[in-house]
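I opened the notebook to go through one model, element by element. The entries follow the order in which I looked things up.

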Amino acid sequence: METEIFFECSNCLNSFSIKMQSINFDSSRELIFNPEPVCPRCGAIEEIVLSDYGLEQIDNMIFSNKIKTIIK
C-alpha cells in the first residue's frame, strides 16, 4: 500500500506530502510511518506533525481497517 500523507513542519512552517510505503500501529498504539517523515526544506524529524488533512487521511484509513497493529 503506497499512500501520500500530508505533514507540516513546526520548525520552518513547511507543508509537504510524503508517499508512505506502510503505516502501522505499534503495540502501544503509536503510528509507525515507513519511511519516517522528514521535512524536505530544513531536514527536521522531531518537529513533524500531521496536517489537518493528514489527520483526516489517517482517520479514514483507521475506519477502513487499512492500518494494522504490529505486535513485537
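The model is predicted, so I kept its thresholds in view: local features need pLDDT of at least 70, side-chain atom pairs count only at pLDDT 80 or more, and totals for chains, interfaces and linings use all residues. Numbering runs from 1 along each chain as its sequence is written, and side-chain values use heavy atoms, with hydrogens and water left out.

**Entry 1: S51**

I looked up the side chain of S51 and found that it reaches the backbone oxygen of F6 at 3.2 Å. I then placed the residue. Helices (H or I, at least four residues) and strands (E, at least two) are DSSP runs, numbered from the N terminus. S51 is in the loop between β5 (48-50) and α1 (52-63). Is S51 buried or exposed? I used these classes: buried is under 20% relative accessible area, exposed is over 50%, and partly exposed is in between (1.4 Å probe, protein chains only). S51 has a relative accessible area of 8%, so I logged it as buried. For contacts I took heavy atoms within 4.5 Å. Leaving aside neighbours within four places in sequence, S51 is in contact with F6, F7 and E8.

**Entry 2: Q57**

I moved into helix α1, where Q57 is found. Q57 counts as buried at 13% relative accessibility. Its contacts, leaving aside neighbours within four places in sequence, are E4, I5 and F6.

I checked the pairing next. Strands of a sheet pair through backbone hydrogen bonds, either parallel or antiparallel. The criterion for a pair is at least two bridges found by DSSP between the two strands. β1 and β2 run antiparallel and are joined by six bridges. In β2, M20 is the bridge partner of T3. The hairpin of β1 and β2 has five residues between the strands, and L13 takes a positive phi near 65 degrees there. β1 also pairs with β5, in the antiparallel sense, over three bridges. There E8 stands opposite V49 in β5.

**Entry 3: strands β3, β4 and β6**

Which order do the strands of the open sheet take? I read β4-β3-β6, three strands with mixed pairing. β4 (31-34) and β6 (68-69) are the edge strands, each pairing on one side only. β3 and β4 run antiparallel, with four bridges. β3 and β6 run parallel, with two bridges. I followed F25 through both pairings: its bridge partner in β4 is L31, and its partner in β6 is T69. N24 has K68 as its bridge partner in β6.

F25 came up again when I searched for charges over rings. The test is NZ of Lys or CZ of Arg within 6 Å of the ring centre and within 35 degrees of the ring normal. The charged end of R29 sits over the ring of F25, 4.1 Å from its centre. R29 takes a positive phi near 70 degrees in the hairpin of β3 and β4, which has five residues between the strands.

**Entry 4: the nonpolar core**

I defined a nonpolar core as a set of buried Ala, Val, Leu, Ile, Met, Phe, Trp, Tyr and Cys residues joined through side-chain atoms within 4.5 Å. The largest one has 16 residues, and I5, F7, F16, M20, I23, F33 and I58 touch the most other members. β1 (3-9), β2 (15-20), β3 (22-25), β5 and α1 each supply at least two residues of this core. I looked up I58: not counting residues up to four places away in sequence, it touches I5, I23, L31, F33, L50 and I67.

**Entry 5: aromatic pairs**

Rings of Phe, Tyr and Trp (its six-membered ring) pair if their centres lie within 6.5 Å; planes under 30 degrees apart count as stacked, over 60 as edge-to-face and the rest as tilted. The whole structure gave three pairs. F7 and F33 form an edge-to-face pair, 5.4 Å centre to centre, with 80 degrees between the planes. F7 lies in strand β1 and F33 in strand β4, so this pair ties together parts 26 residues apart in sequence. F7 is buried at 2% relative accessible area, and F33 counts as buried at 17%. Ring pairs link F7, F16 and F33 into a cluster.

Notes:
Polar contact = N/O pair within 3.5 Å; in protein donor to acceptor, adjacent residues only side chain to side chain.
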